[in-house]
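Got the viewer open and a selection tool handy? Let's walk through this one stop by stop.

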Amino acid sequence: MPNLRTLAERQAARPALGSGHSLCRGCGIPLVVRTVLASIRTPVAVVNATGCLEVASTRYPFTAWSVPWLHVAFENAAAVASGVESAYLALRRRGALRQNFTFVVFAGDGGTYDIGLQALSGALERGHRFLYVCYDNEGYMNTGVQRSGATPRAANTTTTPSGATSTGKAEARKNLTEIVLAHRIPYVAQAAISHLQDLSDKVERATHSEGPSFLNVLSACPPGWGYEPRDTIAVVQHAVNSGYWPLLEVIEGHWRLTVHPEPRESVGDWFGSQKRFRHLFDGVDVDLLASLEQTAEAEWQRLAEMEARDRDWFASPDGARWGLSD
Amino acid sequence: MTSWFTDKPQDLRRFRVLTGGQAVAEALRQIDPDVFPVYPITPQTPIIEAFAQCVADGRSHARILTAESEHSAMSAAVGAALAGARAMTATASQGLAYMIEIVYLAASLRAPVVIAVGNRALSGPINIHGDHSDGMLARDSGVVQVYVTTAQEAYDWMVMGVRLAEHGEVLLPVMVGLDGFTLTHSAEPVEILADAAVQEFVGPYAYPYPLLSEVAGTYGAFAMPEHYFEIKRQQIAALERAEAVLPAITRSFAKLCGRQYAPLEGYCMEDAERAMVIMGSQRGTAQEAVDKLRERGQKVGVVTVRLFRPFPRRDLAEQLRAVQAIAVFDRASTPGSFPPLYLDTRAAVRTPRVDSVIYGLGGRDLTPDDIVAVFDRLKRPAVDADPIFYAGSDEIEQER
Amino acid sequence: MSFPDTIRPGALIRSGDQPSPDMSGWRVDRKPAVQWSLCVDCLLCWAFCPDSAVVVESGHFAGFHYPACKGCEICVATCPTGAVAMVPETSPVGPRGEMGGEAR
């Protein structure tokens, strides 16, 4: 697995996503993109859904990209990638293309959890070989911080504002990782921008698996979440270290937590690090904070049980092929 | 120059009795695209079923990408075409409505995808029969639009459409519209060219700027007001060039089989005083009505428009130059205003009297009597209070 | 035709058509700088910089590329040894933000 220095060397000459984009100060998205693409050794072609990344990195006539990159619309990135991958297979079959491409989709949580879910599901079911990376910043940030299916319960967004009769978003977030998993694709993982080595390792495994692979990467959004740009990494570390955002992978249906924070921080610290949850701490609704903490704890225990259940598989010859047994 | 009649005697062995849908599928098999992303919808299904069987039988190399929606089918077609592979698809009605966002993007991204459309009414109420309202949704998308009048034309324009779409001066999607059921499901003798002749005619797919290359490109960038307008104009200019490059393609096709096509076609127009303009499968009905009136000594004619986008306005003006009154038959409506073919015709001619006729919505028959009634109407003073005549729905005014 | 012929079909952009825009205007009075004596060359500042403003040469940290830096301070926040700090824009640091001493 490449370490940071190797990744840095690979990008020194020409990063796949360079500077000059207009993503906000402290935006987490470029960390996802650069780490993912530097971890792939073949030529890559990127399909990008509409969103912060697309708008900010390709303002005509400037492009921050130095790899083949295609954006068509918001909800169809997986479908576009299906077409690109099918074209690739057709061109290879008739000997019209020699390069061995890896295809990567980048889409935000809005373009993945919500409007792009149908296209994603169809592409996963058809089994196109690509790596789909959701950079998850828990809301429609490009359009001004509206709630998405990835926005957590209680978050204050511009469409779920807290107020006299509201404690922010009323619904829990959708578990997209498990929706994807239900397609029985070989590799599904959750990662975070605070743990780039973990992300890089997962990209290697994802791209070596046959068929589609999926990474749900927790990014961070200073204006949308309400924290100082300099704290981007610290805020996401809270999410991981509290168990709010477990770093895990599911290989051929077998679960494994890749980071075990010891001791786990309080989920309340994660909520407390962002202004979007400030109303949880004004003393009005103590029960809600407690219930959110209980939900996170129950989820962590559930994952720990699944990990325990599948430990033998990772030690078996099938699991050992992935080189992960302890 | 000898005519094709003497030059190329028709070989009856090449004729097969095919529906329009089967004829399109046969063209697909011979063109043998790399990728065929598609989603089923009536009345397009005969096309994709027949083509899927060709692939299953090893008679085509295409990868059929069975998308989970038309939106994704068109998205995949754009991805494949820009990646560097020949991509084609087929749809109809609600399917075209669902993919329409990506049809616009296909045009702006200059993805030369040929799309067969079994033209069908749009919901609601839901209806599976023929009209042009689905095609009209794509009217302003920037794609080339052709409306054919027979199964033979459907076959021929699928083949020519590939050349037109992929022409270096064009690089745009081409939509070949064939009326639902009237053409998609009705059988007629269709001359099928030799496989090798079609392959040679369309040539290899050679998109000049493939995504999958060593030269990295950014496709589908974000354009602010200082660039969007010019980018749009460049796209508009490409569509207009389609009209200019078409004659070379139709001439080259005529050398193969003798059928020489034009953007539009006049019938009995040499001395016509009154004329109608129409698109699609009802050309035959129109000609029958014209024949009937000609027998009665009336100087009437019909112009059938095949190339609807870009609109051949100069050719149409030339056809209608000496006509005193025109009735434009639209198989689609523009609620609250006049329908599309009418507006285009009106803008192309200086004839004072141009009437609008809407016919055939949701598969309603158009009869020769309906058309005769419209020609009769053209002899009377214009009716300002009732400017659109709904043929086949309005009462026919009797005047003999 | 009044519009330029330089627009490729589909408004395709080739990488390198335009130089990277200078983003330094996004900074508010301060820029990052490095104290070489404290730097352990862990590359965390490079890894976590959203703007590719941290220069790596031959696999080692080599300072900052100021035109790319928006001043988010993530490099300061993630530096484990305090080698990176924000300094006033007018500070007399080296062209890559070197505070005293030679670059490694």
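Start by selecting B:Asp369, which counts as partly exposed at 40% relative accessibility. Keep in mind as you look around that this is a predicted model.

Next, pick B:Glu318 and B:Arg321. Their side chains meet in a salt bridge too, at 3.5 Å from N to O. Is B:Arg321 buried or exposed? With a relative accessible area of 62%, B:Arg321 is exposed, while B:Glu318 counts as partly exposed at 48% relative accessibility.

For a contrast, head inside and select B:Arg331 and B:Asp179. The side chains of these residues meet in a salt bridge at 3.3 Å, N to O. B:Arg331 lies in the loop between β14 (325-330) and α12 (340-348) of chain B, and B:Asp179 is in strand β7 of chain B, so the pair ties together parts that are 152 residues apart in sequence. B:Arg331 counts as buried, at 4% relative accessibility. B:Asp179 counts as buried as well, at 0% relative accessibility.

β7 (residues 174-179) of chain B pairs with β6(B) in the parallel sense, over four bridges. To see one spot along the pairing, show B:Gln145, which stands opposite B:Met175 in β7(B). Then color the whole of β6, residues 144-147 of chain B. In a regular strand, side chains alternate between the two faces of the sheet. Here both faces are covered: B:Val144 and B:Val146 on one side, and B:Gln145 and B:Tyr147 on the other, are all buried.

Time to zoom out and give each chain its own color.

Now turn to where chain A meets chain B. Here 42 residues of chain A are in contact with 41 residues of chain B. The size of an interface is often given as the accessible area lost when the parts come together. For chain A and chain B that buried area is about 3200 Å², with carbon and sulfur atoms giving 63% of it. There are two salt bridges between these chains. Select A:Arg126 and B:Glu68 to find one of them, at 3.0 Å from N to O. The interface also has 13 residue pairs in polar contact, with both residues at pLDDT 80 or more.

Which elements of chain A give two or more residues to the side that touches chain B? They are α3 (52-57), β2 (69-70), α4 (77-93) and α6 (117-126). Highlight α4(A), which gives the most, with twelve residues. Sorted by type, that side of chain A divides into 24 nonpolar, twelve polar and six charged residues.

While β2(A) is in view, follow it across the boundary: β2(A) and β9(B) pair in the parallel sense over two bridges. Click on A:Trp69, whose bridge partner in β9(B) is B:Thr218.

Keep B:Thr218 selected and turn toward chain C. B:Thr218 also stands opposite C:Ile13 in β1(C). β9(B) and strand β1 (residues 13-14) of chain C pair in the antiparallel sense, again over two bridges.

Last stop: the rest of the contact between chain B and chain C. It takes 16 residues from chain B and 13 residues from chain C. Together the two chains bury about 1300 Å², 64% of it on carbon and sulfur atoms. On the chain B side, select B:Tyr209, B:Arg233 and B:Gln234: these lose the most area to chain C, together 36% of what that side buries. Zero salt bridges turn up across this interface, but there are five residue pairs in polar contact, both residues at pLDDT 80 or more. Finish on α9(B), which supplies five residues, the largest share of the side of chain B that touches chain C.

Notes: Residues numbered from 1 in each chain as written. Chains lettered and ligands numbered in written order. Predicted model: local features only at pLDDT ≥ 70, side-chain atom pairs only at ≥ 80, totals over all residues. Heavy atoms only, no water. Contact = heavy atoms within 4.5 Å. Buried area = accessible area lost by both parts, 1.4 Å probe. Salt bridge = Lys/Arg side-chain N within 4 Å of Asp/Glu carboxyl O. Polar contact = N/O pair within 3.5 Å; in protein donor to acceptor, adjacent residues only side chain to side chain. Pairing = 2+ DSSP bridges. Nonpolar A, V, L, I, M, F, W, Y, C, P; charged D, E, K, R; others polar. Buried < 20%, exposed > 50% of the residue type's maximum accessible area, 1.4 Å probe, protein only.
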